[in-house]
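Subject: Structure handover

Hi,

Here is the structure we talked about. My notes follow below it.

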Amino acid sequence: MKRRLTFLIVTTCAILVLAYGVRGSAQQPPAASSQPAAETHQAVLGKYCYTCHNDKLKSGGLALTALDISAPAKNNEAWEHVIRKLETGAMPPAGRPRPDKATADSLVRYLETDLDRAALANPNPGRPALQRLNRSEYKNAIRDLLALDIDIASMLPPDTAGYGFDNNADALTLSSALTERYLSAAAKISQAALTRPRGVPTPETFFEPTDRSVATRWNDEMPFGTRGGIALHYLFPADGDYLIETRPKENGANDGFENFSTEIHQLDIAIDNVKLQSAGLGGPEWSGTNRLGPQRAALEQKMLDQMKVTVHVKAGEHLVQAYFAQKTATIGEDLFDPSLRREPYRPTGGMPKLSYLRITGPLTGTATTGDTDSRRRVLVCSPSSATDESCARRIITTLARRAYRRPVTDADIAVPLARYRAGAKQGGFESGVEMALRSILVSPKFIFRVESQPPGVAPNTAYRLSDIDLASRLSFFIWSSIPDETLLDVAAKGALRRPDVMQQQVRRMLADPKSQALVDNFAGQWLHVRNVQTHQPSPETLFHFDDNLRTALEEEMNLFFGSIVRENRPITDLLDANYTFLNERLARHYGIPGVQGERFQRVTLPADSVRGGLLGKGAILMSTSYPNRTSPVIRGKWILENVFGTPPPPPPPNVPALAEERDPRKVLPMREQMAAHRKNPVCAGCHSQMDQLGFALENFDAIGEWRDIYVSGTRVDASGQLPDGAKFGGPVELRKLLRDHSDQFLTTVTEKLLTYALGRGLEASDTPAVRAIKRGAATDNYRFASLIQQIVVSTPFTERLSVEVSN
C-alpha cells in the first residue's frame, strides 16, 4: 500500500501543476496627475544620472540613456529600481550633485503614476506554482483538523526558504524521501488521533541545554522554589503505563556524574505539577573515596534507579517536569561575579544538572483506548455494527471537507472509503477509520494547496479565485493553517468576495489566538527571531551568556511583535515604540532596574532609551553578529534590507575575512578594522552604506549588551550617516532618522507581508499593488489590521493567471 500511495502522490502532483496559478497587481487607479512633461524629467536624469548610468559605463548594470522615460511601463523593472533609489536617497550617491527634494519627488510621482496606470490596464500576475504545506502549516493543520498537537520536528525535516520565508512555493519541492516521511507521519498521526498505538514503544529523549543556568527557576512552567531542569508538553498516545527517567550531566572522560558529593540535592519528577517521584541525590556515601573508587558504579546505578518512575497516564497532552529543589549553595571565590559567568565557566557550588529526560510508553500490555479530544473530533458518530459504512461515510466526509478545505464529492471520498473497507474487514470499525484517515493525510488534496480553474478560461488570462480557494489563502496567510468551519461556511455561500464580509472575517481571524502564527512564522523569519535558538555566542569572550538569556531574547521579540498585532498598532511603531517586554534576567542584561521574576511584563521606556523599537532588541543585535564579535556589515545589511528595502548585491568572491586578534588588548576598533574594505573600490560602493548604518549599533556588543568602550579600552564611535547623507550619532539618533524615512519602511513591511501571503517572491509587476495597499492602509494610519485588510483584497491575493490544461 505504501508504494501505491507514493505513486498516487507523485502522479497527482504532476497533474496538479498544470492546473495552478497565481495573479498579480492593482487596486483603485491613481488619480490623474498633472506631472511635468517627460522631457522635463529626462532633463533631470541628464543632469544628475546619465554621467554614470549611460550606455558606456552602465554603472550598477543600469543604462538610463537607453530607456524611454515617456513610456516607463516598457521597462518597469528598471524604473521601479530608480524609484526605490530615489526614495531612499541612495542615488545620486552622497557627495555628488543631487536634485532638490521637490524635483526628485516630482520624478518619482511621474514614474509611479505611469507604472500604476499600466499595471491596471495590463496586470501581470506573476509565476504560477504548486504550493505544498510547509512543516509549520502541516503541524497547525493537524492541530485544527484532529485536535492533536504533534511533534512535527520528529516527523518532517525543515523546509527550504525562498525570498526569506519557508512557505515559498518554488522551494517547497517533494522528493521521494520526503514522500516516505509523509507516509510515516500519517501512520503515526492516525494512530495517535484514535489512541491506538501499536508495536514496541520507542523511547523519546529530551535534552537540557548545556548552557542553561542551574541556579534559578528558568521557566514559568516550573514550580516556585525550583532550579534548572526540563519542562515539556508531551502527547501521550494512549492510556497506559509510561516509564519516565532522567539522567544527570556527566563530566566526560569517564569522570562520572558532575557535581555529586556528600551534599544532598532533591530531584522531583512531576506531571501537570503533581509530583510523581522525589529523590535525594548525593549524601555521605558520595565521599571522595567512594565517588572515585571501585564503589562508583554501584553508587551511580543506585542514583539512576531513584531518577525514574513508572506511572499510569491518561492519553492526551500533559506537562512533564523534572527539576531540582532550590537551595543555597556555597560559591567559590572568583574574579568575576558568578552570575555573570557562563556555564561551564560559572562555578556551580556543587549543583548537579540534568542531561536529559526520557519517556517510554505505553509499556507493552498496558495500553487502552483513551477518551481524548482527538478521538471525539474524529468519531463524530457511533457505529451500529463493526462495519457500519453509513457512520464511516459521515466521518470520512467530515474529515475530508476540513482537510481538503472545500466541499467534497463522492470522487473525493472514494479512496478513503475503500481504505476504510479494507481496514474494517481486518480489524473492525476503528481500524477502518484509522486507514481512511491515513489516506486523507497523504492525499495531495491535503498536502498541497490546490486551486481550481474555471473551465473554458483561455491560457494566460487573469480570473478571480473562487470563494473556497480565497478562504484557503486567507487562512494560511493569517493562521498558517486550514480554514475553520465558520470561514468555510461563508465561502461555500459565495459571500467571502463581499468586502464587508471579508473585513469581518479578517477581524475575527486576527482576534483568534491562532493568529500567533503571524508572530511565529512571519515575524520569526522576517526579523530573524528563529535564528536566536541556533546562535551560539563564544563562551570565551561572552561568558555571561546562557540559555536563559537566549530564551528571554526570543520571548521579548515575540511579545513585542505580538503586541503590534493584538493591539492593532501602527506598523511604524516597530521603529520607535516606547515599550518592551522584560523579565528579571533580560532586564539585568539591558541594565533596566525594577523588574523581578521570570514572568515577562510590559515596561515603558524613556524617550531616550536605547532599547526602543527593533534596533534596541537583543535578539536582532545578536543574530546580526558573529559568535565572538559584532559585525557592522551584517547589521547594516539588515537595516538596508528590512528598513529601506534595498538589500545590497552579493559580495564578490574571495573577499578575505577580518584578521582575528585573540589578545583583547590589541583588538582595533571595528571602524578601523572595516576601513580596509572601504578602501577597495570594488567593496566601497556597498560598504560605504552598510558600514555607516552598522556603526550606529556598535555600542551593543555581540549579544546586545550596552558598552561605552571596547575591551581594548578604546571608546566606541557610533557616528555615521544615511545613504542620503543625513548624519547621526548612535542608535537613538538613527532611530529618529529612520522614523523620518518611515515611508520606505512601510513599503518594505508591505512587500514582506505580501511575499509571505502569496508564497512567492515579488516582481516589478507587483510593485503597483504594493503602492495600492499602502494607499489603502494610509486611511487608518497604517495599523497592522489595515495592511492585512488591504492585502487580502488586492489583485495578487484574490486573482490568478490561468494555465493551459491538457485534455
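Is serine 742 buried or exposed? Serine 742 is buried, because its relative accessible area is 17% and buried means under 20%, with exposed over 50% and partly exposed in between (1.4 Å probe, protein chains only). Serine 742 lies in helix H26, residues 742-758. Helices (H or I, at least four residues) and strands (E, at least two) are DSSP runs, numbered from the N terminus. Beyond its neighbours within four places in sequence, serine 742 is in contact with Thr572 and Leu575; contact means heavy atoms within 4.5 Å. Serine 742 and phenylalanine 644 are 98 residues apart in sequence, yet their C-alpha atoms are 8.7 Å apart in space.

Ground rules

This is a predicted model, so local features need pLDDT of at least 70 and side-chain atom pairs count only at pLDDT 80 or more, while totals for chains, interfaces and linings use all residues. Residues are numbered from 1 along each chain as its sequence is written, and side-chain values use heavy atoms, with hydrogens and water left out.

Confidence

pLDDT is the predictor's confidence in each residue, from 0 to 100. The chain has a mean pLDDT of 87, and 85% of its residues reach 70 or more. Over residues 7-35 the pLDDT is below 50; beyond near neighbours in sequence, this stretch has 99 contacts in the model. Residues 330-349 also stay under 50, and the model has 41 contacts for them beyond four places in sequence. Where pLDDT is low, the predicted coordinates should not be read in detail.

Overall picture

The chain has 29 helices and 16 strands. Of its 807 residues, 54% count as buried. Take the contacts between residues at least 6 apart in sequence: 73% of them join residues at least 24 apart.

Cores

A nonpolar core is a set of buried Ala, Val, Leu, Ile, Met, Phe, Trp, Tyr and Cys residues joined through side-chain atoms within 4.5 Å. The largest has 92 residues, and Phe477, Ile478 and Phe561 have the most contacts inside it. What does phenylalanine 477 contact, leaving aside its neighbours within four places in sequence? The partners are Leu518, Leu753, Tyr756, Ala757, Ile788, Ile791, Val792 and Phe797.

Cysteines

How many disulfides does a search of the whole structure find? It finds 1; a disulfide is a pair of cysteine sulfur atoms within 2.5 Å. Cysteine 381 is joined to cysteine 391, S to S 2.0 Å. The link is right-handed, with 110 degrees about the S-S bond. Cysteine 381 sits in the loop between helix H9 (373-378) and helix H10 (389-404), and cysteine 391 in helix H10, so the pair ties together parts that are 10 residues apart in sequence. Both cysteine 381 and cysteine 391 are buried.

Cysteine 49 is in no disulfide. Its nearest cysteine sulfur, that of cysteine 52, is 8.8 Å away, which is too far for a bond. Cysteine 49 counts as buried because its relative accessibility is 16%. Cysteine 52 is partly exposed, with a relative accessible area of 25%.

Sheets

Two strands pair if DSSP finds at least two bridges between them. E2 pairs with strand E9 (residues 354-360) over 4 bridges, in the antiparallel sense. Phenylalanine 207 stands opposite tyrosine 356 in E9.

Another open sheet of 4 strands has the order E3-E8-E5-E6, with antiparallel pairing. Its edge strands are strand E3 (226-236) and strand E6 (274-281), each pairing on one side only. The twist averages 15 degrees from one strand to the next. Strand E5 (residues 265-271) and strand E8 (residues 316-325) run antiparallel, joined by 5 bridges. Isoleucine 271 has valine 320 in E8 as its bridge partner.

Best wishes

Note on methods:
Axes fitted to C-alpha atoms, helices over the stretch in contact; angles between N-to-C directions.
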